Amino acid sequence: MIKRKQFNQILNNLNTFANLENKQKPLIEIKHVVVKNINSDPTSLKETLDFCLEHKFKFKFLNCEAITLEDIDTIESSKTIKTRLLNIGCIEEKQDEKFRGQNEYNPIFNFKYKDSKGVFIDIGCGKKIACKYCYLTNETFITPNLEIKPCHSSLQRFDLKESIRTNNVSEILNKIYLS
């Protein structure tokens, strides 16, 4: 019941922003995390695109990231998602040449849907090239419990709570280094 109430409040807030005059309107980005067999179907994708088009919001489709190894089955193939977006009527636009200072791996694909623009991001957890560039760009992952992880799908964690509580900066930095 609380989640439905929160969701309705979010929709009310989005409608309020949508009704602001253009000069007052902040950039609103709707993130749709694509989860295989949950909301990866063309109808779900199109509903998000149409909602963004109607309200002049930017769309951002994120392929579900594996937080644990068990989550691997929730990832839809990027080829499938891109094909569905194209079949719905999206037009793929030029991809940026670099991603975080390198040009061998770029998970961001730019799309236009009628008068709306957005992106599809395939982080690629578990793929060798994605892991290589995630590592090289010093991605760090902090859990809600203040544990640092070297990778989303890694089971290894370094607890930061006590180090933060005692303001032990060298210990915090060492744990970041170890991760």
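Me: Two strands pair if DSSP finds at least two bridges between them. By that rule, how do you know that β2 and β5 pair?

Reply: This is a predicted model, where local features need pLDDT of at least 70, side-chain atom pairs count only at pLDDT 80 or more, and totals for chains, interfaces and linings use all residues. Residues are numbered from 1 along each chain as its sequence is written, and side-chain values use heavy atoms, without hydrogens or water. As for your question, β2 and β5 (residues 116-121) share four bridges in the parallel sense, against the required two, so they pair. Within this stretch, Lys60 sits opposite Val119 of β5.

Me: What makes β1 and β3 stand at the edges?

Reply: The five-stranded open sheet runs β1-β2-β5-β4-β3, with mixed pairing. β1 and β3 (91-92) each have a single partner strand, so one side of each lacks a neighbour in the sheet.

Me: Which residues touch the most other members of the largest nonpolar core, and what makes it a core?

Reply: A nonpolar core is a set of buried Ala, Val, Leu, Ile, Met, Phe, Trp, Tyr and Cys residues joined through side-chain atoms within 4.5 Å; buried means under 20% relative accessible area, exposed over 50%, partly exposed in between (1.4 Å probe, protein chains only). The largest one has 19 residues, and Leu49, Phe57, Phe59, Phe61, Leu85, Phe111 and Phe120 touch the most other members. α1, β1, α2, β2 (58-63), α3 (78-88) and β4 (108-113) each supply at least two of its residues. Across the chain, 35% of the 179 residues count as buried.

Me: What is Phe61 in contact with, leaving aside its neighbours within four places in sequence?

Reply: Contact means heavy atoms within 4.5 Å. On that basis Phe61 reaches His32, Val34, Leu45, Thr48, Leu49, Leu85, Val119, Phe120 and Ile121.
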